[in-house]
There are 2 protein chains.
Amino acid sequence: MTTTDQITTNQTIDTLNNRVSIRDYTDEPLDDATLTLLLNAARRTPTSSNVQTYSFVVVRDPERKKTLAHLAGDQKHIEQAPVFVAVCADLNRVARGMALHGQTLATNTETTLISVIDAAIAGQSLALAAESLGLGTVMIGGMRNHPDQVAELLGLPEGVFVVYGLCIGHVAERTPQKPRLPDETVIHYETYQPASEEALHAYDAALAEHYRSVGRSTPDAAWTGFNARRLGTAPRPHMREFLEKHGFSLD
Amino acid sequence: MTTTDQITTNQTIDTLNNRVSIRDYTDEPLDDATLTLLLNAARRTPTSSNVQTYSFVVVRDPERKKTLAHLAGDQKHIEQAPVFVAVCADLNRVARGMALHGQTLATNTETTLISVIDAAIAGQSLALAAESLGLGTVMIGGMRNHPDQVAELLGLPEGVFVVYGLCIGHVAERTPQKPRLPDETVIHYETYQPASEEALHAYDAALAEHYRSVGRSTPDAAWTGFNARRLGTAPRPHMREFLEKHGFSLD
């Protein structure tokens with residue numbers, strides 16, 4: 001631990017503070033011992049009532065990564081990274097255990113939430129463990145673009161779907177950090193305080209300045225305008241039907 | 001970094017490997033500088049397309065914590081911990097930003113997933129940051145027991161709900177780690193391999209042995225039987241209606 005300005009920090013906190021998503025990897029492989037170390041560490045993530053409703057599918061086969069890269073909307077870093085982990089919500093295993101006692105898992109919106117949260121947090125532990133070793137990661141929500149084809153490629157049974165993917169590899173190029181929304185719009189004390197127009201405009205300006213500094217074109221209203229153009233239409237409209245077809249109830 | 005058995009580990013990985021959920025806290029407060037350090041670090045967690053659809057509501061008021069403890073099913077550690085963070089999915093802020101441009105956020109199952117995942121992973125970063133300083137944490141899914149009353153107590157507007165809570169404080173008593181499911185049932189290579197009956201029985205035995213070692217009564221089939229008795233009835237059946245009433249579509 002080191003102390004700066006009366007605040008004690010450490011390697012974990014520094015890893016978080018310095019992180020950026022990496023979309024450019026070297027061709028250096030990730031050795032098995034390191035991968036096992038990371039996976040084991042992630043398995044200590046808390047899980048709802050010890051139900052452990054998640055799975056990791058580790059993909060290293062170049063052809064399979066290439067297909068996944070394409071299914072995610074041609075994200076070349078999936079192909080480039082030596083390891084891709086499909087972070088899955090998994091109700092299959094607990095249902096199998098229950099079947100040993102003649103019981104059937106009852107599913108609803110809450111069991112879907114439990115498994116999605118279990119998976120999401122385990123995946124974040126895996127990402128942070130990798131980053132703490134100096135490796136790069138990026139989460140791939142694009143696994144939900146074509147969830148049916150992804151499920152087929154990974155041989156996922158009923159009750160398992162890929163919540164997101166995670167590329168892990170050695171960093172070729174690191175991009176500068178984006179500023180985040182102003183603290184007062186995200187961190188609330190005792191009760192929620194809705195974001196003010198001023199704070200949202202301030203973030204638009206900060207994000208525009210960031211884009212200029214990295215030589216990217218700056219859209220009008222870099223955050224609010226970008227979202228206004230993008231989120232007026234609901235994304236991935238197939239997800240409800242996909243989930244219900246694959247054993248995740250939304251009742 | 002230290003090297004053991006040819007495997008390089010570090011403080012982040014050790015923090016994960018050694019963690020247990022803490023349900024017994026001392027009365028020592030958590031100072032503001034440390035809390036701010038943790039919250040800032042968690043804010044660097046990745047977020048879907050920089051949409052940042054989560055919020056933290058920090059609760060330190062004893063009366064409010066007492067009410068939350070009761071609503072979670074009388075979990076006294078919520079009252080006992082100096083800090084309780086309600087980790088929220090938040091579609092309200094992005095919708096406000098879009099409204100500045102005359103646009104309305106379209107919601108569906110996918111936007112619900114995006115916000116739940118954004119929140120879940122940011123909360124896990126916050127937990128891990130706290131644990132890396134030697135603090136204890138426990139996640140509280142029981143925030144979804146009475147989500148309406150929790151939302152009212154925290155003043156949550158349309159489009160915000162508590163995905164889970166997080167107690168943070170100084171550890172009074174640490175319990176031994178539970179064994180996790182056998183690796184081969186959770187970690188898959190290239191394609192998914194369904195859990196074998198043998199592996200599930202082996203875990204039942206390992207968990208029963210753990211319970212015996214800590215002097216707790218051991219149910220028959222410590223994992224599969226426990227879940228069979230518990231999950232034949234769908235949990236928290238109010239969640240769908242609650243979400244749809246609060247701006248989270250499941251269409």
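**Basis.** I note that this is a predicted model, in which local features need pLDDT of at least 70 and side-chain atom pairs count only at pLDDT 80 or more, while totals for chains, interfaces and linings use all residues. Residues are numbered from 1 along each chain as its sequence is written, chains are lettered from A and ligands numbered from 1 in the order in which they are written, and side-chain values use heavy atoms, with hydrogens and water left out.

**Interface.** I looked up one salt bridge by name: B:R43 pairs with A:D183, and their closest N and O atoms are 2.8 Å apart. On the side of chain B that touches chain A, helix α6 (residues 109-132) of chain B gives the most, with 14 residues. Helices (H or I, at least four residues) and strands (E, at least two) are DSSP runs, numbered from the N terminus.

I then checked the contacts (heavy atoms within 4.5 Å). In chain B, 119 residues are in contact with 119 residues of chain A. The two chains bury about 10300 Å² between them, and carbon and sulfur atoms give 61% of this area. Buried area is the accessible area (1.4 Å probe) that two parts lose on being put together, summed over both. B:R44, B:E190 and B:Y192 supply 9% of the area that chain B buries against chain A, more than any other three residues.

**Sheet.** I next asked which strands form the open sheet. Five strands do, in the order β5(A)-β6(A)-β4(A)-β3(A)-β7(B), with mixed pairing. Two strands pair if DSSP finds at least two bridges between them. The edge strands, each pairing on one side only, are β5 (136-140) of chain A and β7 of chain B.

I followed the link between the chains: three bridges join β3 (residues 54-59) of chain A to β7 (residues 187-189) of chain B, and these strands run parallel. Within β7(B), B:I187 is the bridge partner of A:F56.

Notes: Salt bridge = Lys/Arg side-chain N within 4 Å of Asp/Glu carboxyl O.
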